[in-house]
Amino acid sequence: MSGQLPGGFAELEAFVEQWDLITERERHTTRLTAPIEQSNALYDALLPQIEPIAEYLADFDINALPAPEQSLLNLALSFMEVSLTVECLKSPTVPGGFAFERFEVLF
Amino acid sequence: MTAPEDRLIIKLPTEVPDMGTDPLPIEPYISADFFEKERTQVFAKAWLNVGRVDEIPNVGDYLVKRIEVLNATILVVRGKDNEIRAFHNICVHRGMQVTAAGCEKGNAQGFMCGFHAWVYDLEGKLTHVPGKEYFPDTDFDGLQMPPVTLEIWKGFIFINDQEKPKKGLVEYLGGLGDDLRGYPFETFNHIARYRANVNVNWKTFIDAFHEAYHVAEVHKNTIPDGCNSPDNPNAVPSSARIYPPHHAVSVPLNSAYVPTPAAALAWKFGASFAPGDMVDLEGLNPSGDDNWWFDINTLFPNFFIDVGPGWYFTYHFWPVSVDETHWEMNIYQLEAKTAAEKIAQEHTKVLLRDILYEDLSTMEQTHQSMKSRKLDSMIVGEMEIAVRHQLYEVMQWVDGKGCME
Ligand code: FES
Ligand SMILES: [Fe+2]
């Protein structure tokens with residue numbers, strides 16, 4: 001799955017293997033099951049890069065992204081996935097929430 | 001403590017039925033006998049949403065909906081003439097279903113029963129019977145899967161278990177349908193679907209979704225200050241509209257809400273569920289409230305369409321038994337044309353989803369407590385007007401006094 005990122009975003013390469021995921025379900029499962037340190041690391045690295053990523057991808061058709069650009073977008077989506085965990089929950093799962101094993105994410 | 005005369009007033013622009021202020025009886029939420037009455041008096045008479053037209057855009061596209069409370073499996077099909085029809089998923093030979101077990105949607109030229117291979121067209125008509133000559137006494141003319149009454153409003157597909165419902169769909173939706181009519185549902189994309197099976201009565205489940213009183217506590221880890229503000233610490237709804245048997249509640253916005261860095265990015269790029277700049281769309285905020293966040297629309301008995309600026313989402317609460325409910329949520333957003341908008345959408349999705357984990361957390365404990373029968377009633381306040389109205393309507397319908405009699 002993991003492709004190389006476009007030049008200029010090479011420092012995010014380390015996150016590709018774990019977080020370059022195309023569906024919400026995969027991103028969510030990864031967030032739920034990864035140690036929180038890994039979500040924190042992704043968040044810290046991506047936060048200052050989200051605007052440059054959006055700017056860079058603005059020149060592409062989002063429905064036909066080349067592999068490196070798609071990987072970059074997937075990382076940005078994974079950033080949003082972990083944002084709740086990092087900013088609010090301080091936990092991979094929702095504290096006191098319904099059991100995630102019983103909560104089906106279909107897309 | 002705030003003096004009673006200082007409390008915030010919920011705008012009620014519509015006529016409100018005389019529902020009293022007494023505690024609500026718990027028996028209807030736990031009684032198997034009552035559930036049987038709901039089955040025949042409520043669900044067999046109301047218009048029920050089974051999906052959207054966008055889910056079956058092409059000729060031959062179909063949906064299969066299991067509706068436990070009606071003991072029915074419904075096939076919704078787009079025919080050769082582009083009309084959408086519904087049938088009971090029943091082969092007229094010996095009753096097998098004509099779609100494979102577990103199939104929820106697909107595309108077909110017609111349907112072949114997997115038992116003895118009788119064939120039906122997209123209009124539900126029986127078109128082929130292998131070994132027909134061995135049924136010399138059967139008149140096959142006009143045989144078809146049993147039709148189901150269907151109507152479409154704003155792209156939402158509703159079915160009715162009655163052959164001739166007392167009211168058509170538009171009349172049934174009444175003032176609530178009028179309020180929502182201008183909302184551009186057809187321009188939205190379906191971006192997420194979530195499901196859970198929860199051991200709770202369907203009404204208890206629903207009641208956690210049409211009041212904001214719980215937000216500060218239940219949502220303390222996700223969005224505790226979304227609607228609770230210094231001048232409205234209990235998130236009193238700004239308005240509620242009762243259009244029997246339906247109702248709508250407008251959720252207030254905390255104008256002092258400070259977005260997280262991710263929420264701020266989302267609002268910079270597009271629209272988020274988190275409070276932020278309001279996009280003006282027709283059909284929103286019908287009472288013209290200040291500090292408005294979004295509208296909760298409860299379409300009786302079991303369907304919600306919550307509309308906001310740039311997103312809307314639906315809930316279905318399908319009763320399985322008195323003690324079990326199948327829940328589904330679908331989220332829709334305006335099409336993301338850029339990567340930035342796509343990233344913003346992800347924030348709405350993730351935030352709503354994590355909020356839902358919190359909402360679902362209270363259900364089973366509440367239901368267990370109710371079943372202990374140690375309380376025979378529950379206390380419901382002004383902010384929970386929708387909770388009161390929901391039970392009021394269910395009781396009316398069960399007593400044969402609903403609007404579809
Ligand atoms: S039951 Fe369908 S063909 Fe026999
Ligand atoms: Fe909630």
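Four donors count as tetrahedral if all angles lie between 85 and 135 degrees; four count as square planar and six as octahedral if opposite donors are over 155 degrees apart and all others between 65 and 115; anything else is irregular. The iron ion (ligand 2) has an irregular site, with angles of 52 to 151° among its four donor atoms. This is a predicted model, in which local features need pLDDT of at least 70 and side-chain atom pairs count only at pLDDT 80 or more, while totals for chains, interfaces and linings use all residues. Residues are numbered from 1 along each chain as its sequence is written, chains are lettered from A and ligands numbered from 1 in the order in which they are written, and side-chain values use heavy atoms, with hydrogens and water left out.

**Iron site**

- The protein donors are B:His214 (NE2), B:His219 (NE2) and, through two OD entries, B:Asp359; they lie 2.0 to 2.8 Å from the iron ion (ligand 2).
- Donors here are N, O and S atoms within 2.8 Å of the metal (3.2 Å for Na, K and Ca); water is not among the atoms, so sites may look incomplete.
- Along the chain, the donors of the iron ion (ligand 2) follow the spacing H-x4-H-x139-D.
- B:His214 lies in the loop between α4 (202–207) and α5 (215–218) of chain B, and B:Asp359 in helix α7 (residues 339–359) of chain B, so the pair ties together parts that are 145 residues apart in sequence.
- Helices (H or I, at least four residues) and strands (E, at least two) are DSSP runs, numbered from the N terminus.
- B:His214 is buried at a relative accessible area of 15%, and B:Asp359 is buried at 4%.
- Buried means under 20% relative accessible area, exposed over 50%, and partly exposed in between (1.4 Å probe, protein chains only).

**The sheet**

- Eight strands form an open sheet with antiparallel pairing, in the order β1(A)-β12(B)-β18(B)-β17(B)-β16(B)-β15(B)-β14(B)-β13(B).
- The edges are β1 (104–105) of chain A and β13 (239–243) of chain B; each has a single partner strand, so one side of each is left without a neighbour in the sheet.
- Two strands pair if DSSP finds at least two bridges between them.
- Strand β15 (residues 292–299) of chain B is mostly covered, with eight of its eight residues buried.
- Six bridges join β15(B) to the antiparallel strand β14 (residues 246–252) of chain B, and B:Ala248 stands opposite B:Asn297 there.
- Three bridges link β15(B) to strand β16 (residues 303–307) of chain B, again antiparallel.
- β15(B) and β16(B) form a hairpin with three residues between them, and B:Leu299 stands opposite B:Phe303.
- Ten bridges hold the antiparallel pair of β17 (residues 311–321) and β18 (residues 324–334) of chain B; B:Tyr315 stands opposite B:Met329 in this pair.

**Single residues**

- A:Ser83 lies in helix α5 (residues 67–89) of chain A and is buried at 0% relative accessibility.
- Leaving aside neighbours within four places in sequence, A:Ser83 is in contact with A:Tyr43, A:Cys88, B:Ala262 and B:His347.
- Contact means heavy atoms within 4.5 Å.
- B:Leu375 sits in the loop between α8 (363–371) and β19 (377–378) of chain B, and is exposed at 55% relative accessibility.
- B:Leu375 and B:Pro25 are 350 residues apart along the chain, yet their C-alpha atoms are separated by 9.0 Å.

**Chain B overall**

- Chain B has nine helices and 19 strands.
- The C-alpha trace of chain B spans about 80 × 55 × 35 Å along its principal axes.
- Buried residues make up 58% of the 405 residues in chain B.
- Of the contacts in chain B between residues at least 6 apart in sequence, 67% join residues at least 24 apart.

**Chain A overall**

- Chain A has five helices and one strand, in the pattern α-α-α-α-α-β along the sequence.
- For 107 residues a compact globule would have a radius of gyration near 13 Å, and the 14 Å of chain A agrees.
- The C-alpha trace of chain A spans about 40 × 25 × 20 Å along its principal axes.
- Buried residues make up 49% of the 107 residues in chain A.

Key. The radius of gyration is taken over C-alpha atoms; the globule rule is 2.2 Å times the number of residues to the power 0.38.
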